[in-house]
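Biologist: I am new to this structure, and I would like to learn how to read the way its parts pack together. Could you take me through it slowly?

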Amino acid sequence: MRFWILLQRDVLVAWRKKSNIYQPLVFQLLIVTMFPLGLGAGAQTLQKIAPAVVWILALISTLITLENIFKDDYEDGSLALYTLSGMSLPVAVIAKAAAHWLTTGLPVIIFAPVIAVLLHLPASAYGILMLSLLIATPIFSLLGTVGSALIMNLKNGGMLLSVLIMPLLAPVLIFGAGAVLETTLGNTPVGHITLLAGCFVLSLTLAPLAAAAAIKVNLE
Amino acid sequence: MNKIVKFYHEMGSPPSFYRITGHWLKPLLILALLLTVYGLIDGLFFAPPDYQQGDSYRIMFVHVPAAWMSMFIYFIIGVSGIIAFVWRMKVAEAVMMASAPIGALFTALTLLTGMLWGKPMWGTYWDWDARMTSELILLFLYIGVMGIYSAYDDDPRKAARLAALVAIIGLINLPIIRYSVEWWTSIHQGASISIMGGNSGIKEWSMLRPLLVMALATKFYYLYSMLHRARSYLLRTEQNKSWVSKQFIEN
């Protein structure tokens, strides 16, 4: 019950401040423009790097939004209220992660084909691209809650957050971009997708616990 | 009380930890220095040249022990992180934070010596092979642990608890990172030593000897350096306690 209320509230807060939602997408568009400018606009070159670039852009554009998952709640005191209300903290974390996914992960998935078209990704890989992002963006949000909880009362925690989260995201990137790459090469992506799903289950079970522990330490 | 139990409890309290480890520093340093000198001379001058790599393989006597230490120390950090987080032991916090820079240094040394060896052998300083990549990611994990600690330096207890959490998360992730990177690609040569026999690994005793001596030397150096750092860590974080001021009056 409280889970849904918290989720609804967070989505509403994000929706009211729409820059939160379109900023990552604008960022992706800006960066993707740099690639042809730097590499040359040849379709062959771009096609080769397309799986990786689409994936890394999705990753980075999510990374820049993670810092704020808990920051506002910490600063206005509502985070202390969640813990006082007797609500299970890991459940609250999952609600925060779900809201973050709905407002950044989902737009990124929907926007991914646009980026893919700009980079001449082979048509056969679109389905797997969307599927891999569908499994992976929740992982970004879940692991993001851990990083965000660790740095929520720091002024310039963004860089530190990237250092903390990047090693955890390396396997996700390997399996996710790997799945798309295998598809463009005509191989089956099933192995990569399954491992990606494993990463999702693991982060769904462990990340909320870790984030809750970090919140508790930070509120002490 | 049983002597071992008593020792165990004494090591958990900062004043007696400080007192006891004070006697260990000099012997550890001497052992580390002697073994390093012996291991390097033995490895650089007396071990036979490799049948394929000639003399350039000798960097292995620094590279391989450093690589072992880089992983061993992260394991120590993870375990003391668990102890620090669950039981809030100050000594565990000290050991964890004292180990981090040493581990990061060994990781950097591993990468550096590997790159220097890679240029003549593979023809390139860097190749995105599985073990190099996971070593690099290990360096990021070390930087993360130290980074979160220094970000909260106004409150060392809280900083240590958060750093412990980061270390634990890293410890859980290490095997996942390791295998994901392994499946991703590999050209690195096989492990230098295989305990279970097998076809890979060094068989020649005169090559193995300096390697094992260097491995011991790095362990002793780590113990010396870690205890030294842990002692000053405890002095710094406990500076308002009476045992610290007593230390300074006595000396």
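**Helix packing and chain contact**

Modeller: Helix 4 of chain B and helix 8 of chain B cross in a right-handed way, where right-handed means that the near helix is turned clockwise from the far one by less than a right angle, and left-handed that it is turned anticlockwise. This is a predicted model, in which local features need pLDDT of at least 70 and side-chain atom pairs count only at pLDDT 80 or more, while totals for chains, interfaces and linings use all residues. Residues are numbered from 1 along each chain as its sequence is written, with chains lettered from A and ligands numbered from 1 in the order in which they are written.

Biologist: At what angle do helix 4 and helix 8 of chain B pack?

Modeller: Helix 4 (residues 60-87) and helix 8 (residues 205-237) of chain B pack at about 45 degrees, their axes 9 Å apart; axes are lines fitted to C-alpha atoms over the stretch in contact, and angles run from 0 to 180 degrees between N-to-C directions. Helix 4 of chain B is therefore oblique to helix 8 of chain B, since angles under 35 degrees count as roughly parallel, over 145 as roughly antiparallel, 65 to 115 as roughly perpendicular and the rest as oblique.

Biologist: Which residues make the contact?

Modeller: Two residues are in contact if their C-beta atoms, placed from the backbone, lie within 7 Å. Among those of helix 4 of chain B are Phe61(B) and Trp68(B), and helix 8 of chain B contributes residues including Leu211(B) and Tyr222(B).

Biologist: How many residues of chain B are in contact with chain A?

Modeller: On chain B 22 residues are in contact with 19 residues of chain A, and helix 7 of chain B gives the largest share of that side, 14 residues. Helices here are DSSP runs (H or I, at least four residues), numbered from the N terminus.

How values were computed: Helices (H or I, at least four residues) and strands (E, at least two) are DSSP runs, numbered from the N terminus.
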